[in-house]
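Welcome! Take a moment to look over the structure below, and then we will walk through some of its parts together.

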Amino acid sequence: MNCPAMSASASSSCSYSTFRPRHPVLLPHDSQRSVQFSRLHSEAASDGWGEKTQPQPQPPLRLLGKQSLPLRAVVTTSSSSNISTSDEIEKVGVLLLNLGGPETLDDVQPFLFNLFADPDIIRLPPLFQFLQKPLAQFISVARAPKSKEGYASIGGGSPLRRITDSQAEELSKCLSEKNVPAKVYVGMRYWHPFTEEAIEQIKTDGITKLVVLPLYPQFSISTSGSSLRLLEKIFREDEYLVNMQHTVIPSWYQREGYITAMANLIQNELGKFDSPSQVVIFFSAHGVPLAYVEEAGDPYKAEMEECVDLIMEELDKRNITNAYTLAYQSRVGPVEWLKPYTEEAITELGKKGVENLLAVPISFVSEHIETLEEIDVEYKELALSSGIKNWGRVPALGTEPLFISDLADAVVESLPYVGAMAVSNLEARQSLVPLGSVEELLATYDSQRRELPAPVTMWEWGFTRSAETWNGRAAMLAVLALLVLEVTTGKGFLHQWGILPSS
């Protein structure tokens with residue numbers, strides 16, 4: 001694969017000159033996109049691989065999407081000589097983090113167990129954390145039959161590992177073409193190759209500088225946060241890793257190459273419609289529980305909305321001014337998730353007379369169950385039954401050359417930051433990324449981000465928002481505990497009433 005050169009003029013011209021002025025399609029639960037962030041250049045500067053230069057004068061703040069943006073990197077390093085000395089050859093590694101997926105139908109239930117056993121996916125209060133694994137077992141067994149049907153419909157397993165391996169291979173080739181020889185590793189959170197397996201290979205290969213790159217464009221507690229929390233634990237417990245120089249790229253949705261690649265895919269798919277200007281661009285992102293954003297300060301929603309704005313700004317430059325909207329898919333359980341929900345948004349658009357819809361899986365860079373089955377089958381059927389006549393879907397980026405080149409650029413740009421801050425072993429042991437709270441994480445990788453509301457930490461009684469949250473959780477957990485007890489013992493009210501079959 002050839003790595004295309006990145007430039008400000010990378011976007012191609014567009015022949016769609018008759019598009020109507022763009023306007024967001026406002027659905028009942030559409031949020032107002034009022035949060036805009038600016039970025040500062042990092043104060044760390046280096047020449048080549050290690051020699052520090054004098055800090056350069058900082059340019060004024062620049063709005064996102066207007067110009068090429070600096071990389072944001074979290075740096076945790078050690079000055080220890082256990083890993084390398086100036087006389088040794090540095091061995092660069094890149095660790096790609098992803099979700100993982102079952103490769104066969106027999107893998108579905110254990111994969112689901114690993115998913116729901118993660119406290120960043122189902123967040124239980126400390127008093128009930130002993131129920132994490134029993135609850136995960138209950139949910140995974142209950143959901144496995146339906147999930148197996150979905151995976152069977154897309155070939156009997158998830159293609160995520162195959163695609164991620166291909167991305168790693170192409171990224172390695174692209175880095176070599178950029179004169180940065182590096183080994184690229186894949187670490188999955190919930191299935192093989194697990195993050196632990198990737199780390200063992202990194203140690204075996206003697207990597208001395210590591211760039212950690214989650215394959216999630218936008219940061220969320222439940223995706224990048226969960227993977228980084230696990231990585232933090234692994235690093236803290238391993239003497240070799242404690243002394244390894246490393247850097248983390250928490251999110252990269254604002255990078256010019258990524259934005260341009262997404263705009264290219266959208267432009268290409270719009271051209272397949274008979275009336276491209278009449279197509280509504282439907283961004284569908286994976287959802288997260290609303291409490292993650294409102295209570296824990298998860299930046300996912302703000303980053304997702306900002307990402308959509310940047311893509312639409314890029315399309316504007318090409319005179320593509322279609323109407324668009326953003327919705328969230330894949331909600332699980334009885335709690336409220338980010339709105340509008342994709343299925344409700346599609347139905348609402350049909351009622352409004354929209355006939356042409358182009359789905360854009362905005363939070364996914366690889367095809368998997370949410371794109372191949374949920375979007376391509378379930379949402380397509382819903383759209384056609386809701387009055388939408390023409391349906392299209394933008395493919396995931398996969399190994400698209402411009403996208404891979406941009407990831408390679410991100411790695412290259414981050415390398416001077418590895419080793420830019422020398423800290424003691426004691427400090428290095430504290431955290432790869434301080435994930436004790438989202439506020440600490442945000443302060444680490446972007447000190448200019450606006451302050452987010454603190455999580456609910458106190459139990460309050462009365463008609464307060466905190467009380468409703470905690471009382472609702474307590475009631476839900478009590479019901480779940482009774483269900484787990486009945487399923488495991490075969491006795492209880494549900495068996496007596498005939499709701500559950502007696503053994």
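This is a predicted model: local features need pLDDT of at least 70, side-chain atom pairs count only at pLDDT 80 or more; totals for chains, interfaces and linings use all residues.

## Helices α4 and α5

Helix α4 (residues 195-204) packs against helix α5 (residues 221-236) at an angle of about 45°, and their axes are 11 Å apart. The crossing in which α4 passes α5 is right-handed.

Which residues make the contact? On the α4 side they are T195, E196 and I199, and on the α5 side L230, L231, I234 and F235. Sorted by class, the contact of α4 with α5 has five nonpolar residues, one polar and one charged.

## Helices α1 and α2

Next, look at another pair. The axes of α1 and α2 cross at roughly 135° and come within 7 Å. α1 and α2 are therefore oblique to each other. Their crossing is right-handed.

The residues of α1 that meet α2 are V108, Q109, F111, L112, F113 and F116. Across from them, α2 brings Q132, K133, A136, Q137, I139, S140, V141, R143, A144, S147, K148 and Y151. By class, the contact of α1 with α2 has ten nonpolar, five polar and three charged residues.

## Helices α7 and α9

What is the angle between α7 and helix α9 (residues 300-317)? They pack at about 65°, and their axes are 9 Å apart. The crossing of α7 and α9 is right-handed.

In α7, the residues taking part are Y258, I259, T260, M262, A263 and I266, and they meet C307, L310, I311, E314 and L315 in α9. The contact of α7 with α9 divides into nine nonpolar residues, one polar and one charged.

## Aromatic pairs

Now for the rings. A pair of aromatic rings is described by the distance of the centres and the angle of the planes. The count here comes to four aromatic pairs. In one of them, the rings of W191 and F194 have centres 6.2 Å apart and planes at 70°; over 60 degrees counts as edge-to-face, so this pair is edge-to-face. W191 and F194 are both buried.

W252 and F403 form a tilted aromatic pair, with 5.9 Å from centre to centre and 35° between the planes. This pair links distant parts of the chain: W252 is in the loop between β9 (245-248) and α7 (256-270), F403 is in helix α12 (residues 401-414), and they are 151 residues apart. Are these two residues buried or exposed? W252 has a relative accessibility of 1%, so W252 counts as buried. F403 also counts as buried, because its relative accessibility is 1%. Together with Y258, W252 and F403 form one aromatic cluster.

## Two buried loop residues

Loops deserve a look too. D118 lies in the loop between α1 (108-116) and α2 (132-153). With a relative accessible area of 3%, D118 is under the 20% cut-off and is therefore buried. Leaving aside neighbours within four places in sequence, D118 is in contact with Q132, R189, Y190 and S226. Its C-alpha atom is separated by 8.5 Å from that of A136, 18 residues apart along the chain.

Where is V279 found? V279 sits in the loop between α7 and β10 (280-286). The relative accessible area of V279 is 0%, so V279 is buried. Not counting residues up to four places away in sequence, V279 touches L270, F273, N322, A323, N356, L357 and L358. V279 and W391 are 112 residues apart in sequence, and their C-alpha atoms are 9.2 Å apart in space.

## The whole chain

The protein chain has 16 helices and 13 strands. Of its 503 residues, 52% count as buried. Among contacts between residues at least 6 apart in sequence, 81% join residues at least 24 apart.

Notes: Residues are numbered from 1 along each chain as its sequence is written. Side-chain values use heavy atoms; hydrogens and water are left out. Axes are lines fitted to C-alpha atoms, for helices over the stretch in contact, and angles run from 0 to 180 degrees between N-to-C directions. Helices (H or I, at least four residues) and strands (E, at least two) are DSSP runs, numbered from the N terminus. A crossing is left-handed if the near helix is turned anticlockwise from the far one by less than a right angle, and right-handed if clockwise. Contact means heavy atoms within 4.5 Å. Ala, Val, Leu, Ile, Met, Phe, Trp, Tyr, Cys and Pro count as nonpolar, Asp, Glu, Lys and Arg as charged, and the others, Gly among them, as polar. Rings of Phe, Tyr and Trp (its six-membered ring) pair if their centres lie within 6.5 Å; planes under 30 degrees apart count as stacked, over 60 as edge-to-face and the rest as tilted. Buried means under 20% relative accessible area, exposed over 50%, partly exposed in between (1.4 Å probe, protein chains only). Angles under 35 degrees count as roughly parallel, over 145 as roughly antiparallel, 65 to 115 as roughly perpendicular and the rest as oblique.
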